[in-house]
Amino acid sequence: MTVRRWGARRVVATAAAVLVVSGCTTTTLEPSSSTSANGAPSSGAAVATATTTGAGSASTAAPSTTSGSPAGSTGEPTTVEPVTSSAGTAPDTASSDGSGPTAPTTTGFTPAVDAEAVEGECPYLSKDQVQSDTGQRMGTTRIRPAEPQPVCEFVRNDGDFLATVRVLELATDTAAVDAVDFYVPRAGSNPETRPTGWTGGSLATDGGSIYGVSKGTAAVIAETNQKQSVYARLLVVHAIENLGL
């Protein structure tokens, strides 16, 4: 009986040695979870099989499979590519249809350099009229000499900026339109038609608003510290009326 057991062990050892030498060893990893009554793995069990094809070669492993995937899912990973322009950078926010940011219109008008301001009275807008048009208490008025009319700068009674009004006379109608467009770029501004016969635009700025219009070779532009352009418009309308333009 002892001899038979020793002989069986030798046969098993010899067979194992042959398999190792040939490089064909197959190992099956049993699932860690319980199995059903018929021996099949339960729905929550993971089964993996590793096969070695020879010494020094790479091993392959089947991915684990679980029943926790959402309904309708294929189980394959989804790759999301970043959205970039053709140059590999974020697309420009500006658009050709005018819905995105646009640069101000460039004109051929170049304003003259303002002369040094001196304290004085504006020939086309009085202190009382400026206070009435803007609803603010005024301090001093400063004048910057120019032709045909000086630039009038109005200061609040606390010393802060209140308004500036310019009356320009250009060589041609087109130059007058360009002058208004310089101070009130038509791209992004609101079209204006007051007083009657005058055309231009208005827009809000960081510090207030601007209103400018032209008629023939004349142009009048006002800037105030108020966001509502109606106050700048009143200054322009009254300057035009007082000058008889």
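Predicted model: local features only at pLDDT ≥ 70, side-chain atom pairs only at ≥ 80, totals over all residues.
In what order do the eight strands of the open sheet stand?

**View 1. An open sheet of eight strands with antiparallel pairing.** Reading across the sheet, the order is β4-β5-β6-β7-β11-β10-β9-β8. The edges belong to β4 (118-119) and β8 (190-192). Each of these two has a single partner strand, so one of its sides is left without a neighbour in the sheet.

**View 2. Strands β6 and β7, joined by four bridges.** Here you can follow β6 (residues 151-156) alongside β7 (residues 161-169), the two running antiparallel. To find your place, look for Cys152, whose bridge partner in β7 is Val165.

**View 3. Two helices that pack on the sheet: α3 and α4.** Helix α3 (residues 173-183) touches β7, β9, β10 (209-215) and β11 (218-224). Its direction makes about 175° with that of β10. Helix α4 (residues 230-243) touches β7, β10 and β11. For α4, the angle is given against β11, and it is about 145°.

**View 4. Ser202, a buried residue in strand β9.** Strand β9 covers residues 199-204. Ser202 has a relative accessible area of 1%, and it counts as buried because that value is under 20%. Its side chain makes a polar contact with the side chain of Glu192, at 2.6 Å. Leaving aside residues up to four places away in sequence, Ser202 touches Val184, Ser189, Asn190, Glu192, Ile210, Tyr211 and Ser229.

**View 5. A cluster of rings: Phe109, Phe182 and Tyr183.** The whole structure holds three aromatic pairs. One of them joins Phe109 and Phe182 edge-to-face, with 5.6 Å centre to centre and 65° between the planes. Phe109 sits in the loop between β3 (60-61) and β4, while Phe182 belongs to helix α3, so this pair ties together parts that are 73 residues apart in sequence. Phe182 also forms an edge-to-face pair with Tyr183, at 5.1 Å centre to centre and 85° between the planes.

View 6. Phe182, which pairs with Phe109 and with Tyr183, is partly exposed at 38%.

Methods
Residues numbered from 1 in each chain as written. Heavy atoms only, no water. Buried < 20%, exposed > 50% of the residue type's maximum accessible area, 1.4 Å probe, protein only. Polar contact = N/O pair within 3.5 Å; in protein donor to acceptor, adjacent residues only side chain to side chain. Contact = heavy atoms within 4.5 Å. Pairing = 2+ DSSP bridges. Axes fitted to C-alpha atoms, helices over the stretch in contact; angles between N-to-C directions. Phe/Tyr/Trp six-rings, centres within 6.5 Å; stacked < 30°, edge-to-face > 60°.
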